[in-house]
Amino acid sequence: MASSDAGTLLFSWRGCLFRVPDRVQAPKAGSLFLCRHLAVRPGERVLEIGGGLGVAAVLAAKDGARVTATDILPEAVEVMRINATLNAVAVDARLGDCYGPVGGERFDLICTNPPQTPTPPGHARRDAAAVADNGGADGWQLLDRVIAGAPRHLVPGGRLIFTLFAFLGPKAACAKIEAAGLAPAIIGSEIQSFPRIGYERLEHIRAHDLEATMPSGIPETVERYAIQGTAPR
Ligand SMILES: C[S@@+](CC[C@H](N)C(=O)[O-])C[C@H]1O[C@@H](n2cnc3c(N)ncnc32)[C@H](O)[C@@H]1O
């Protein structure tokens, strides 16, 4: 069938409308969970790393923040710009890896719902779903870099907020934040459906579940945390 007959997938939430193109991952529970834990004040500078469709970026801009959002996928950057226009806000969407596109800029809030599913050897792919989900062998591949770079990109008193599957380890997350010089806190948690991609790699995830969060048998749910690190004033 010709692509002109493909239809347009839309996602609607909190009074905003988002286009969901084929080559960018649709919002999932973690996307909404991140947004629910972002308290943004008007005028704040916000950076979202891995913005995807731009849901968090657009909502933060609606709340009056000055928002920059990065993604490694050109299609995500393109649709973030479209979704900002659709919702009559400004989002500075930039293409690139992690903090690469923002140089030495600093922000009041850095947020991310990063790829974080532990990924066995041979599962790395370049398609949108893989880039959105695969977190390297232990799930921490991008998150470690986000945490390590946060002190160089936060203003004094600025916050880093990210989502975390329990099997990555909330204690490990707090320890990593502390080691980076930020004050850690768990600011929220909820039970979500176990990620579908996780079923095909259960043994690998169990091998990296160092805080023993996984039940025996086939898990139906997973706890998800919102973790914050605050820079010293
Ligand atoms: C789990 S999705 C989250 C998307 C969106 N923020 C949301 O919550 O729905 C992770 C996003 O990170 C992007 N990403 C993956 N690796 C990245 C990297 N090294 N630098 C920037 N973005 C990256 C993916 O393309 C994807 O859009």
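**Ground rules.** I number residues from 1 along each chain as its sequence is written. Because the model is predicted, local features need pLDDT of at least 70, side-chain atom pairs count only at pLDDT 80 or more, and totals for chains, interfaces and linings use all residues.

**Entry 1: the core.** I looked up the largest nonpolar core, which has 56 residues. Such a core is a set of buried Ala, Val, Leu, Ile, Met, Phe, Trp, Tyr and Cys residues joined through C-beta atoms within 7 Å. Buried means that 20 or more other C-beta atoms lie within 10 Å of a residue's own; 12 or fewer is exposed, in between is partly exposed, and C-beta atoms are placed from the backbone. Val46, Ala57, Ala60, Ala61, Met80, Val91 and Ile110 touch the most other members. Helix α2 (residues 55–62) gives the most to this core, 7 residues. Helices (H or I, at least four residues) and strands (E, at least two) are DSSP runs, numbered from the N terminus. In soluble globular proteins, nonpolar side chains tend to be buried together.

I then followed Ile110. Leaving out residues up to four places away in sequence, Ile110 touches Leu47, Ile49, Ala150, His153, Leu154 and Leu160. Contact here means C-beta atoms, placed from the backbone, within 7 Å.

**Entry 2: around the ligand.** Which residues come nearest to the ligand? Of the 24 around it, they are Ser31, Gly50, Gly52, Asn113 and Ala132. To count, a residue needs its C-beta atom, placed from the backbone, within 6 Å. The largest share of the shell, 3 residues, comes from α1. At least two residues each come from α1 (29–36), α2, β4 (66–71) and α4 (128–133).

**Entry 3: a strand pair.** β4 and β5 (residues 91–95) pair in the parallel sense over 5 bridges; pairing takes at least two DSSP bridges. Val67 has Val91 in β5 as its bridge partner. The chain gets from β4 to β5 through helix α3 (residues 74–86), in a right-handed β-α-β crossover. Right-handed means that, with the strands pointing away from the viewer, the path from the first strand over the helix to the second runs clockwise.

**Entry 4: positive phi.** Most residues other than glycine have a negative phi. Arg14 has a positive phi of about 50°, and I found it in the loop between β1 (10–13) and β2 (16–19). Arg14 is exposed, with 10 other C-beta atoms within 10 Å. Ala88 has a positive phi near 60° and sits in the loop between α3 and β5. Ala88 counts as exposed, with 10 C-beta neighbours inside 10 Å.

Notes:
Contact = placed C-beta atoms within 7 Å.
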